[in-house]
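The tour moves stop by stop.

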Amino acid sequence: MTQATLERSTYRAAWETARGRGGRALPSWAARLSEGAFEVFEREGFPVTTQEDWKYTNVAPIARASFEPAARDGGTVGVEALKVRLFPESSRTTAVFANGHFRPELSSLAGLPEGVIVADMSAAITEHEPLLREHLSRAADFSRNSFTALNTAFLGAGILIHLPAGAQLSAPLHLLFVASKSDAQLLVSPRVLVVAEADSSATVVEDYESADGSSHLTNAVVEVFVKERARVVHYKRQAEGDAAFHVAATHAELAAGSSYDLTTITQGARLSRHEISVRLLAEGAECWVDGLYIAGAGQHADTHSTIDHVAPRCASHQLYKGILDGDGRAVFNGRVFVRRDAQQTDARQTNKNLLLSPDARVDTKPQLEIFADDVKCSHGATVGQLEEEELFYLLSRGLHPELARNLLTYGFAEELVEKIKIDSIKRRLDEAILNRLHARLEA
């Protein structure tokens, strides 16, 4: 039996079981969506390195494993373990998920303004059916990505966030996804749908952690619709355990005069892949797509982004930085596409990488595809080590060599850390970077 056939048979049995499991039955439109997605996954299977977009990322360890879809009642998070993962800024705007499924008893959403909807995806499919029928899978095309197809096939876990016109979230909405302990290797399939209506604004924190060191696959899909003049700030932090696999797709569509600001921090998982797609569909839309990835021994971090300028007079800004140590490996592929009618586009893209070890490696490929003639576009990539002159300067001032290296490395990352406007997240990221670098602040 071939590997592709094994994948199909393993996941078909799990999919049929999940669809037949008790609880809310999917309405006919959602059932058709699930069925269509699973047909795509069965036909395509997991991607292989002969495909150009997966040339440098081998998902064979995922394909060979037998991941069991996480049951709705199959995981929990201890209260004490939860406390250290919460942010004071979101004490009344936190949604907690165990293995991708919403846990209202652990969540606190009393601080949401009137009219704002934050609803369990399994319930929202029926209770907010018109909203989901209009938006779900509109931006995330599962026919192009078998992981997205697999997530859509197991539709039900996750959250719907709807901001009515003019709604303003004064506190960040913290979505805390915790992969909890299980005897089996779990497939966690969270789906997040954000619909920000005209003139609304919100900050959303998408946060992934592991409760223990068990192996699991998080396969997440996020769709964000930013309507006219709406503002969405989106932080994604991925800090899952070293045995975990994390594959995610984030898709955003921007309307006239809207803005979307995405900052991604990747510091966990044995293998991680994040696909980002932002489409600027009407005049005056603007996006920031920034990120920091840190990969140490045995880790692989892959980022693929596409920023699609469809309409004229839009702007995009992208800055990604990578820190690699040990035999850590990273992949960055950033594509900016400027269509023929997207005149007066302003698009800037930069990728910078710092290698702390001779065994570390990065494959970077920034791309510009421009079909308009009145544009301002730039892109670039750098790969290097710590500057010897800067290191010598610090050593000549009496700093310990290890501390000097750590300070320079932190300085490389600081630009992106400072972009985060939530103090708790910033402090936690500071600690994570310094601990990762084995900093000795008292040396």
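Select S137. At 15% relative accessibility, this residue counts as buried, where buried means under 20% relative accessible area, exposed over 50%, and partly exposed in between (1.4 Å probe, protein chains only). S137 sits in the loop between α6 (129-135) and α7 (146-153); helices (H or I, at least four residues) and strands (E, at least two) are DSSP runs, numbered from the N terminus.

A note on the source: this is a predicted model, in which local features need pLDDT of at least 70, side-chain atom pairs count only at pLDDT 80 or more, and totals for chains, interfaces and linings use all residues. Residues are numbered from 1 along each chain as its sequence is written, and side-chain values use heavy atoms, with hydrogens and water left out.

The side chains of S137 and R191 are joined by a polar contact of 3.1 Å. Such a contact is a pair of N or O atoms within 3.5 Å; within protein, one must be able to donate a hydrogen and the other to accept it, and residues adjacent in sequence count only if both atoms are side-chain atoms. Setting aside residues up to four places away in sequence, S137 touches L33, F142, T152, R191 and E223 (contact means heavy atoms within 4.5 Å).

**Strand β15**

Go to D290, in strand β15 (residues 286-295). Is D290 buried or exposed? It is buried, with a relative accessible area of 6%. A polar atom of the D290 side chain lies 2.9 Å from the backbone nitrogen of L319. Show T264 too: D290 and T264 are 26 residues apart in sequence, yet 6.4 Å apart in space, C-alpha to C-alpha. Beyond its neighbours within four places in sequence, D290 is in contact with residues including L262, H317, Y320, L416 and K419.

Select L175, L254, Y260 and V278. Of the 50 residues in the largest nonpolar core, these four touch the most other members. Such a core is a set of buried Ala, Val, Leu, Ile, Met, Phe, Trp, Tyr and Cys residues joined through side-chain atoms within 4.5 Å. Another core, of 42 residues, lies apart from it, with A14, F41, A119 and A124 among them.

**The largest pocket**

Centre on D53, R144, E275, T306 and R335. Of the 42 residues lining the largest pocket, these lie nearest its centre. On a 1 Å grid over the protein atoms alone, a pocket is an open set of points with protein on both sides within 12 Å along at least five of seven lines, whereas a cavity is a set where a 1.4 Å probe fits but cannot get out; lining residues have an atom within 4 Å of a point. The pocket volume is about 1,100 Å³. Its lining divides into ten nonpolar, 15 polar and 17 charged residues.

**The largest cavity**

Which strands each supply at least two residues of the lining of the largest cavity? Colour β11 (231-239), β14 (271-280) and β16 (300-309). Among the lining residues are K236, H246, R273, Y293 and D302. About 60 Å³ of space lies inside.

**Two positive phi values**

Finish in two loops. N99, between β2 (94-98) and β3 (101-102), has a phi near 55° and is buried at 2% relative accessible area. D199, between β8 (191-196) and β9 (201-210), has a phi near 65° and is partly exposed at 36%. Most residues other than glycine have a negative phi.

Definitions and conventions: Points joined across faces, edges and corners; volume = space filled by probe spheres on them. Nonpolar A, V, L, I, M, F, W, Y, C, P; charged D, E, K, R; others polar.
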